[in-house]
Every structure is written in C-alpha cells, then in structure tokens.
Amino acid sequence: MKHLIVPIDIRNGRPLITNTMKSQCIGEHTFFREEACGQCLLEGHRDDCEYCQGSGEYLQEITVPWTTAKEIYKAMTEAAVRGEG
C-alpha cells in the first residue's frame, strides 16, 4: 500500500491548500440536481419544450463552489492525518 503525505501548514498545523491545488480544482467538480421546468410552469406543459422535452423536469448541472471543495479536502486530509483514512 502506498502512503500519502499530506502537506501541513506550519503556521496552524492544518492541511495546506496551495494556489496550485486551488487552480487545478476550481470548476472541475460538478453534480446534477433535478429541477422543475420553469418554462413549463409559466407557459404550461409542452411536449416540445426545449428545456425538459416535455417531462416537466430537467437535470441542472451545478459546479461545486471552491469553498465547499476546500472544506471537503480539509476534512479528508484531517482524517488522513488522524489515521482514519
């Protein structure tokens, strides 16, 4: 098994997040959420709706905000430092 070395910020003892790490992760992670079709809600259900194709719902792609990605990274690395990973 390969061991992972987690960089630690010597100023506060917490996992280190560098600008390089940040730039490589911004906008890289997404998830999908089912949403009601606003167009059909406003104009009535249409089988030829360009957003939902008549289903009344569509999947909205959402980019994980950097602050959330950073919190997830910190939680994972802190667990690794404690030996929980």
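Visitor: How does the radius of gyration of the protein chain compare with that of a compact globule of 85 residues?

Guide: The radius of gyration is taken over C-alpha atoms, and the globule rule is 2.2 Å times the number of residues to the power 0.38. A compact globule of 85 residues would come out near 12 Å, but the protein chain has 20 Å. Along its principal axes, the C-alpha trace spans about 60 × 25 × 20 Å.

Visitor: What kind of model is this, and how are residues numbered?

Guide: It is a predicted model, in which local features need pLDDT of at least 70 and side-chain atom pairs count only at pLDDT 80 or more, while totals for chains, interfaces and linings use all residues. Residues are numbered from 1 along each chain as its sequence is written, and side-chain values use heavy atoms, with hydrogens and water left out.

Visitor: Which pattern does the protein chain follow along the sequence?

Guide: Helices (H or I, at least four residues) and strands (E, at least two) are DSSP runs, numbered from the N terminus. Here the protein chain has three helices and two strands, and the pattern read along the sequence is α-β-α-β-α.

Visitor: How many of the 85 residues count as buried, as a percentage?

Guide: Buried means under 20% relative accessible area, exposed over 50%, and partly exposed in between (1.4 Å probe, protein chains only). In this protein chain, 16% of the 85 residues count as buried. The accessible surface comes to about 6900 Å², and 53% of that belongs to carbon and sulfur atoms. Those areas come from the Shrake-Rupley method with a 1.4 Å probe; for residues, only the protein chains shown count as cover.

Visitor: What is Phe31 in contact with, beyond its neighbours within four places in sequence?

Guide: Contact means heavy atoms within 4.5 Å. Phe31 lies in strand E1 (residues 30-36), and, leaving those neighbours aside, Phe31 touches Gln60, Glu61, Ile62 and Val64. Phe31 and Val64 are 33 residues apart along the chain, with their C-alpha atoms separated by 7.3 Å. Phe31 is partly exposed, at a relative accessible area of 39%. For the protein chain, residues 24 or more positions apart account for 52% of the contacts with a separation of 6 or more.

Visitor: Where is Tyr73 found?

Guide: Tyr73 sits in helix H3 (residues 66-81). With the neighbours within four places set aside, the contacts of Tyr73 are Pro7, Pro15, Leu16, Ile17 and Met21. Tyr73 has a relative accessible area of 22%, so this residue is partly exposed.

Visitor: How many disulfides does the structure hold?

Guide: A disulfide is a covalent bond between the sulfur atoms of two cysteines. The test used here is a pair of cysteine sulfur atoms within 2.5 Å. The structure holds zero disulfides. Cys40 is in none, and the nearest cysteine sulfur, that of Cys52, is 3.6 Å away. Cys40 is buried at a relative accessible area of 10%, and Cys52 counts as buried at 4%.

Visitor: Is Gln53 buried or exposed, and what is its phi near?

Guide: Most residues other than glycine have a negative phi. Gln53 has a phi near 55°, a positive value in a residue other than glycine. Gln53 is in the loop between helix H2 (38-43) and strand E2 (57-63), and is exposed, with a relative accessible area of 57%.

Visitor: Which residues is Gln39 in contact with, leaving aside neighbours within four places in sequence?

Guide: Gln39, in helix H2, is in contact with Gly44, Arg46, Cys49 and Tyr51 on that count. Gln39 is partly exposed, at 26% relative accessibility.
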